[in-house]
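I'd like to walk you through one model, so please have a look at it while I talk.

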Amino acid sequence: KMTIAAILKDRKGGIQSLTPDTTVAEAVALLAEKRIGAAPVLDGDRVVGIFSERDVIHCLQADGATALAQRIGDVMTTAVKSVGPGESVIGALSLMTQRRIRHLPVIEDDTLVGFVSIGDLVKYRIDRIEADAAAMREYIQSA
């Protein structure tokens with residue numbers, strides 16, 4: 001079964017995260033530098049929100065340039081959906097599609113163990129489908 005754990009297994013490096021006291025400007029710098037669209041916001045080990053490009057757009061639209069000095073704790077998305085490592089890739093994709101979200105924290109025993117984007121999941125599915133097709137071609141040719 002294709003699970004979230006299988007995607008996390010091949011990951012190198014830690015999870016990029018923020019704290020509620022980080023400023024919008026600092027968070028924007030991290031997203032840009034790491035070329036990521038969102039990051040989980042942690043209070044200790046607990047995920048208290050997600051800060052995404054959409055949040056940047058919303059606070060800039062509401063407050064203009066002064067938004068950059070705000071705490072992300074005041075502007076982040078707090079209704080966080082998450083999955084466990086055992087969740088199927090299809091189940092996670094379906095949740096993301098229904099909720100119109102592009103990032104999911106992966107939580108095990110109340111601790112953040114990963115963070116996946118819809119792009120990660122789609123790429124994993126495509127890679128698996130291509131590998132299955134190649135195996136099938138090989139099998140047919142050897143028969």
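Let me start with a term: when I say that two residues touch, I mean that they have heavy atoms within 4.5 Å. And please keep in mind that this is a predicted model.

First, the overall picture. The protein has five helices and four strands, and from the N terminus the order is α-α-β-β-α-α-β-β-α. Along the principal axes, the C-alpha atoms fill a box of roughly 70 × 30 × 30 Å. Of the 143 residues, 36% count as buried. If you take the contacts with a separation of 6 or more, 56% of them are between residues 24 or more positions apart.

You'll find Val56 in helix H3, which covers residues 53–63. Which residues does Val56 touch, once we set aside those up to four places away in sequence? The answer is Val28 and Phe51. There is also a distance to point out here: Val56 and Ala25 are 31 residues apart along the chain, and their C-alpha atoms are separated by 9.3 Å. Is Val56 buried or exposed? Its relative accessible area is 13%, so Val56 is buried, given that buried means under 20%.

Next, Thr22, in the loop between helix H1 (4–9) and helix H2 (24–34). Although Thr22 sits in a loop, it counts as buried, at 12% relative accessibility. A polar atom of the Thr22 side chain lies 2.9 Å from the backbone oxygen of Thr19. Beyond its neighbours within four places in sequence, Thr22 is in contact with Ala27, Gln70, Arg71 and Ile72.

On to the strands. S1, residues 38–43, has five of its six residues buried, so the rest of the structure largely encloses it. S1 runs antiparallel to S2, and six bridges join the two. To get your bearings, look for Ala38, which stands opposite Ser52 in S2. The two strands make a hairpin with two residues between them, and in the turn Gly44 has a positive phi of about 70 degrees.

What else does Ala38 meet? One of its contacts is His103, which belongs to strand S3, residues 103–108. His103 counts as buried, at 15% relative accessibility. Apart from neighbours within four places in sequence, the contacts of His103 are Gly37, Ala38, Ile50, Met96, Phe115, Val116 and Ser117.

Arg100 lies in the loop between helix H4 (89–99) and S3, and it counts as exposed, at 68% relative accessibility. Asp109 also has a positive phi, near 50 degrees. Asp109 is in the loop between S3 and S4, and with a relative accessible area of 72% it is exposed.

The largest pocket has a volume of about 370 Å³. It is lined by 20 residues, and the closest to its centre are Arg11, Gly14, Ile15, Gln16 and Phe115. Strands S1 and S4 (111–117) each supply at least two residues of that lining, with S4 giving the largest share, five residues. By class, the lining divides into nine nonpolar, seven polar and four charged residues.

The second largest pocket holds about 280 Å³ of space. Of its 13 lining residues, Ile50, Ser52, Arg54, Thr77 and Ile101 are the closest to the centre. Strand S2 (46–52) and H3 are the elements that give two or more residues to the lining. Which element gives the most? That is H3, with three residues. The classes here are five nonpolar, four polar and four charged.

To tie a few things together: Phe115 is among the residues closest to the centre of the largest pocket, and Phe115 is also one of the contacts of His103. Likewise, Ser52 is among those closest to the centre of the second largest pocket, and it is the residue in S2 that stands opposite Ala38.

Technical notes: Residues are numbered from 1 along each chain as its sequence is written. This is a predicted model: local features need pLDDT of at least 70, side-chain atom pairs count only at pLDDT 80 or more; totals for chains, interfaces and linings use all residues. Side-chain values use heavy atoms; hydrogens and water are left out. Buried means under 20% relative accessible area, exposed over 50%, partly exposed in between (1.4 Å probe, protein chains only). On a 1 Å grid over the protein atoms alone, a cavity is a set of points where a 1.4 Å probe fits but cannot get out, and a pocket is an open set with protein on both sides within 12 Å along at least five of seven lines; lining residues have an atom within 4 Å of a point. Grid points are joined across faces, edges and corners, and a volume is the space filled by probe spheres set on the points. Ala, Val, Leu, Ile, Met, Phe, Trp, Tyr, Cys and Pro count as nonpolar, Asp, Glu, Lys and Arg as charged, and the others, Gly among them, as polar. Two strands pair if DSSP finds at least two bridges between them. A polar contact is a pair of N or O atoms within 3.5 Å; within protein, one must be able to donate a hydrogen and the other to accept it, and residues adjacent in sequence count only if both atoms are side-chain atoms.
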